[in-house]
Amino acid sequence: MGEISQTALDNLRESLRGPVLAPADPGYDEARSIYNAMIDRRPAVIARCVDVADVRAVLGFAQETGRDLAVRGGGHSGPGLCLVDDGITLDLSPMRGVRIDPSTRTAQVGGGCQLGDLDHAAHAFGLAVPAGIMSTTGVGGLTLGGGHGHLTRRYGLTVDSLLSADVVLADGTFVTASQDNHPDLYWALRGGGGNFGVVTSFAFRLHPVDTVGLAVTVWPVNRTREVLQWYRDFLPAAPEELSGFFAVLAVPPGPPFPEEIHGQKMCGVVWCYTGDLEDGSMEKALAAVGTPAPPAFHFATPMPYPAVQAMFDALIPKGLQWYWRGDFFDGIPDEAVAVHEKYGQNLPTDLSTMHLYPVDGAAHQVGADETAWAYRDAVWSGVIGGIDPDPANADLIRQWCVDYWTDLHPHSMGGSYVNFIGDDEGPARVRATYRGHYDRLAAVKHTYDPENFFHANQNIQPAAG
Ligand code: FAD
């Protein structure tokens, strides 16, 4: 496809309040850089939208010029779904306003917000929305995929707190989807990804979360078997106030970890406690952490929730090489334990890791068909991440991830959290993500985007219901 004409660009610039960047413009390379540095794509235009009017203008421009369109929220997707070569990136990053209404305990959140924007604004009122575990992840992509993190066992998935969404559809129509208004779209948005339109604003229910208990326990990697066998029974039976994601990792080179264990391969659990911090209930909930084997290090402290959310930001900043794959699990049989033991001992780089995020507790209290999220029966959402700063290690981390995933997949439920699908997994994996919900999603897609205009995503093909 050739260059977009100067006249067309000038017209677009005139109709937008936000900046429009083409390849020759200063700032273009920064604007096309995303969290995963393994992705190197060159859109023809990056249009930064400040409001719904801008969004509508960019959609019209993409249609007039016949270009592919990608929507950028926080730019955190592993496969770089917010960039298409020679296409248009509709960049929502200027739309980062958050309005908290403490009287109704609701938040109105701009479509380009990062989790840290929401955490910061809500924390001022001792409130929070359950979301992911890093402050720089986009609210947009995370929410539309489902969203899980430290608060999931206590308050459910992010979509379980979504009250409504303002959406600009492919034809430029603006709708607010909620239980009472476009309920089919509201259902699909709660897990169906960016398939249905551009969400310019999300309305969330807030929950009382202020200072929480943060704890980290690590054990030598050669104790993975005992630890994981203990964890698989302990966590699902633990009170919903306690969450803890399991990881294989190399110990980060900094506090709170003592220097003598820096860089050592370990398995561990990052705990978050949202119950009373004064009455000893956290200590009681965590009393068993020494049971499987003596920890190499255990650390527990009260921490403001936004600080917990920002804990990993410096460790894994933007600009690293990433390749990831995921799967859901309803148990961790001994055969799977052996796989974790093997690959945990063979981490290809210090940042590479595997996490098992709990998605039980409150997330299980929502009916299987109430939202597009299709794995209410899963207990963990697992992700294997090959991560390293050096592009020369791209093949190494990719291969480790694929091998680990291939050995583990037979012990999974068959599908992955949509936001953990790798860049080369293909449409069968999207179907596996949505299981019995796929056809219903395809019908909603047919209603709201029959031409599949929004296809830079984990795509659901439109089909009449
Ligand atoms: P983008 O790349 O901007 O967008 C991803 C997709 O969502 C694209 O298809 C895009 O078009 C679409 N999209 C984004 N915003 C909108 C919008 N407003 N309207 C319409 N479509 C939109 N996930 C969890 O659930 N929990 C975690 O704890 C977690 N931790 C993570 C940690 C790291 C370091 C990383 C890199 C990712 C993590 N994720 C987690 C995965 C995360 O949910 C996905 O990467 C998600 O896609 C990020 O959304 P984004 O808006 O930042 O991404």
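Begin by selecting helix α1 (residues 6–15) and helix α3 (residues 52–65), whose axes come within 9 Å and cross at roughly 160°; α1 and α3 are therefore roughly antiparallel to each other. Here helices (H or I, at least four residues) and strands (E, at least two) are DSSP runs, numbered from the N terminus, while axes are lines fitted to C-alpha atoms, for helices over the stretch in contact, with angles that run from 0 to 180 degrees between N-to-C directions. Angles under 35 degrees count as roughly parallel, over 145 as roughly antiparallel, 65 to 115 as roughly perpendicular and the rest as oblique. The crossing in which α1 passes α3 is right-handed, a word used when the near helix is turned clockwise from the far one by less than a right angle, with anticlockwise giving left-handed.

The model on screen is predicted, and local features in it need pLDDT of at least 70, side-chain atom pairs count only at pLDDT 80 or more, and totals for chains, interfaces and linings use all residues. Residues are numbered from 1 along each chain as its sequence is written, and side-chain values use heavy atoms, with hydrogens and water left out.

Next, select helix α11 (residues 334–345) together with helix α12 (residues 394–408), which pack with their axes 9 Å apart at an angle of about 165°; α11 and α12 are therefore roughly antiparallel to each other, and their crossing is right-handed.

For the polar contacts (pairs of N or O atoms within 3.5 Å), show G75, where a backbone N or O atom lies 2.8 Å from an oxygen atom of the ligand, and then Y417, which has a side-chain N or O atom 2.7 Å from a ligand oxygen atom. At V199, a backbone N or O atom lies 2.9 Å from a nitrogen atom of the ligand. Taken alone the ligand exposes 950 Å², of which the protein buries 97%, with accessible areas coming from the Shrake-Rupley method with a 1.4 Å probe.

For the last stops, go to the loop between β13 (242–250) and β14 (265–273), where P256 is found, and look at the peptide bond from P255 to P256, which is cis with omega near 10°. Finally, select D86 in the loop between β3 and β4 (88–91); D86 is not a glycine, although it has a positive phi of about 65°.

Notes
A polar contact is a pair of N or O atoms within 3.5 Å; within protein, one must be able to donate a hydrogen and the other to accept it, and residues adjacent in sequence count only if both atoms are side-chain atoms.
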